Amino acid sequence: MIKNECEIIKDLMPNYIEDVISKETKEFVENHIQKCSNCKKILDELQKEKVNENNKNNLKEFSEINYLKKYNTRINIFKFIAIILIIAITSMWGYILYRNYCNKKNYEYAYNHYEYVHNIVATAYENVEKFKENENLSFIKYIGVDSQSFYYKDGKFKQEWVTKDENKIIWTKYGIMVEDGYDMIQFHGENNYAAGHFNFSNDKKPKDKSEFVNVNCLETFYRMEIMNSLSLEVRDDTFENKECYVVRNKLNDKEYDEIWIEKKDMIPIRFTDEFGRQIRYEWSTGNVTDEDVTIKDKSRKTDNKLYNDILDRLLS
Ligand SMILES: [Zn+2]
């Protein structure tokens with residue numbers, strides 16, 4: 001074997017390993033390898049190296065793929081979070097807009113309802129206030145079968161509680177309005193009496209008749225705010241052939257109070273509740289005489305100084 005052939009084979013080895021040689025050259029290399037253990041050894045080494053290098057490349061490729069995979073996963077997580085965030089923010093914003101819209105709608109409804117109901121109640125309330133300004137008026141409340149009447153003329157008044165079934169006067173009160181309230185004498189039954197001075201509370205004007213002229217719940221209905229007025233309902237009804245607005249205040253599912261406002265004069269004529277109890281109101285002006293507000297039994301003098309003083313003023 002010539003030494004030169006080994007050198008040629010060595011030069012051919014890289015191409016042999018890469019398999020980029022002709023069939024004849026390949027056979028030439030293989031023939032030589034079979035005969036020359038030295039070249040075989042070198043070729044084996046080279047082939048091992050080649051395998052290692054391939055492995056290395058594979059490994060490198062593998063880690064690159066892994067990196068790309070991880071990178072993609074991370075990108076996907078970010079995308080996912082971004083989408084979730086966008087959905088969350090959009091929904092939240094949508095919810096807020098929707099809530100605002102609903103609140104606005106609810107408020108509009110409440111406001112329109114308030115305007116409608118309040119106009120009726122306020123008109124009745126103002127008419128009662130106007131009524132109280134009269135210098136000659138009578139106001140009678142029928143509570144069941146009893147009546148509580150209030151007669152007023154030029155600063156003097158009489159209030160009386162009568163039980164209709166027995167036609168019995170429970171008490172009669174005579175009074176005279178003064179600067180900050182009223183002085184009064186009250187007779188109970190036959191012989192008992194009381195006398196005293198009563199201050200009007202600070203938020204009432206002097207000579208205010210509110211204490212005697214009042215409709216159950218009217219002021220409460222009148223002072224109801226927009227949202228609270230949602231518990232008020234209005235319907236049309238008639239009472240003793242009088243056309244009325246009936247304003248019902250629902251206290252809860254079962255309980256309610258109603259004020260019946262006569263349409264003709266826009267004044268309350270009746271109060272009812274869920275138990276069928278009722279109070280009726282009678283309003284009149286200009287019918288009260290001096291006789292109506294004057295103590296009839298002028299002889300009922302006593303040794304009480306305050307009583308005598310008030311009696312003198314009531315008689316004068
Ligand atoms: Zn050789």
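Is glutamate 262 buried or exposed, and how many C-beta neighbours does glutamate 262 have inside 10 Å?

The model is predicted: local features need pLDDT of at least 70, side-chain atom pairs count only at pLDDT 80 or more, and totals for chains, interfaces and linings use all residues. Numbering starts from 1 along each chain as its sequence is written.

**Figure 1. Glutamate 262 in strand 9**. Glutamate 262 counts as buried, because there are 20 C-beta neighbours inside 10 Å. The cut-offs are these: buried means 20 or more other C-beta atoms within 10 Å of the residue's own, exposed means 12 or fewer, and partly exposed lies in between, with C-beta atoms placed from the backbone. Leaving aside neighbours within four places in sequence, glutamate 262 is in contact with Lys242, Cys244, Ile267 and Ile269. Contact here means C-beta atoms, placed from the backbone, within 7 Å. Asparagine 119 is 143 residues from glutamate 262 in sequence, and their C-alpha atoms are 14 Å apart in space.

**Figure 2. The largest nonpolar core, with 27 residues**. Such a core is a set of buried Ala, Val, Leu, Ile, Met, Phe, Trp, Tyr and Cys residues joined through C-beta atoms within 7 Å. Val121, Phe150, Tyr151, Tyr152, Val247, Ile259 and Ile261 touch the most other members. Two or more residues each come from helix 3 (37-132), strand 1 (136-143), strand 2 (146-153), strand 8 (242-250), strand 9 (256-262) and strand 10 (267-273). Helix 3 gives the most, with five residues. In soluble globular proteins, nonpolar side chains tend to be buried together.

**Figure 3. Isoleucine 259 and its contacts**. Neighbours within four places in sequence are left aside. Isoleucine 259 is then in contact with Val215, Cys217, Leu218, Phe221, Val247, Pro268 and Phe271. A second, separate core has seven residues, including Tyr174, Met184, Ile185 and Ile310.

**Figure 4. Helix 5, residues 305-315**. Helices (H or I, at least four residues) and strands (E, at least two) are DSSP runs, numbered from the N terminus. Ile310, Leu311 and Leu314 are the buried residues of helix 5. Seen down the helix axis, they fall within an arc of 105 degrees, so they line one face of helix 5. The arc is that of the directions from the helix axis to the C-beta atoms. An α-helix has 3.6 residues a turn, so residues three or four places apart point the same way. Lys305, Asp309 and Asp312 are exposed on the other side of helix 5. The cover over the buried residues includes strand 3 (156-163), strand 4 (168-178), strand 5 (181-188) and strand 6 (192-199).

Figure 5. Aspartate 19 is found in the loop between helix 1 (3-18) and helix 2 (23-35). Aspartate 19 counts as exposed, because it has 7 C-beta neighbours inside 10 Å. Methionine 266 lies in the loop between strand 9 and strand 10. Methionine 266 is partly exposed, with 16 other C-beta atoms within 10 Å.

**Figure 6. Helix 2, a hardly covered helix**. Among its 13 residues, the count of buried residues is one. At 1.5 Å a residue, helix 2 should span 18 Å; its end C-alpha atoms are 19 Å apart, which agrees. The expected span is 1.5 Å times one less than the number of residues. Asparagine 31 lies in helix 2. Asparagine 31 is exposed, with 11 other C-beta atoms within 10 Å. Asparagine 249 is 218 residues from asparagine 31 in sequence, and 117 Å away in space, C-alpha to C-alpha.

**Figure 7. Isoleucine 65 in helix 3**. Isoleucine 65 counts as exposed, because it has 10 C-beta neighbours inside 10 Å. Arginine 99 is 34 residues from isoleucine 65 in sequence and 50 Å away in space, C-alpha to C-alpha.

Terms used:
Two residues are in contact if their C-beta atoms, placed from the backbone, lie within 7 Å.
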